[in-house]
Amino acid sequence: MPKSQERCQEIREETRSKILHDSMLYFAKNCFAGTKISDLAKHIGIGQGTLCLPGRKYGSSSQHSMK
């Protein structure tokens with residue numbers, strides 16, 4: 001059975017909350033400056049590609065970030 005739009009939104013919000021919560025715990029223990037995306041993703045239990053920079057849209061090309 002397909003998920004409703006409401007359920008998809010709930011899943012996104014739950015995932016975002018988990019990422020934020022687990023990231024804060026990781027940063028508190030390991031410091032922000034020395035954190036690698038790969039280590040953070042492993043701690044949270046998600047793929048590296050799931051993490052993105054705030055304010056950036058998925059699929060942004062690297063050309064835009066080099067300007």
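I am working on a predicted model, where local features need pLDDT of at least 70, side-chain atom pairs count only at pLDDT 80 or more, and totals for chains, interfaces and linings use all residues. Residues are numbered from 1 along each chain as its sequence is written, and side-chain values use heavy atoms, with hydrogens and water left out.

**Salt bridges.** I searched the whole structure and found three (a side-chain nitrogen of Lys or Arg within 4 Å of a carboxyl oxygen of Asp or Glu). Arg7 pairs with Glu10 at 3.0 Å, N to O. Arg7 also bridges to Glu14, at 3.5 Å between the closest N and O atoms. I logged Arg7, Glu10 and Glu14 as a salt-bridge network. Lys18 meets Asp22 at 2.6 Å, closest N to O. Those two are four residues apart in helix 1, so about one helical turn separates them (helices are DSSP runs of H or I, at least four residues, and strands of E, at least two, numbered from the N terminus).

I checked Asp22 and found it buried at 13% relative accessible area, whereas Lys18 is partly exposed at 42% (buried is under 20%, exposed over 50%, partly exposed in between; 1.4 Å probe, protein chains only).

**Serine.** Ser23 lies in helix 1, residues 5-30. Ser23 is buried, at 9%. I noted that it touches Leu40 and Ile44, leaving aside residues up to four places away in sequence (contact means heavy atoms within 4.5 Å).
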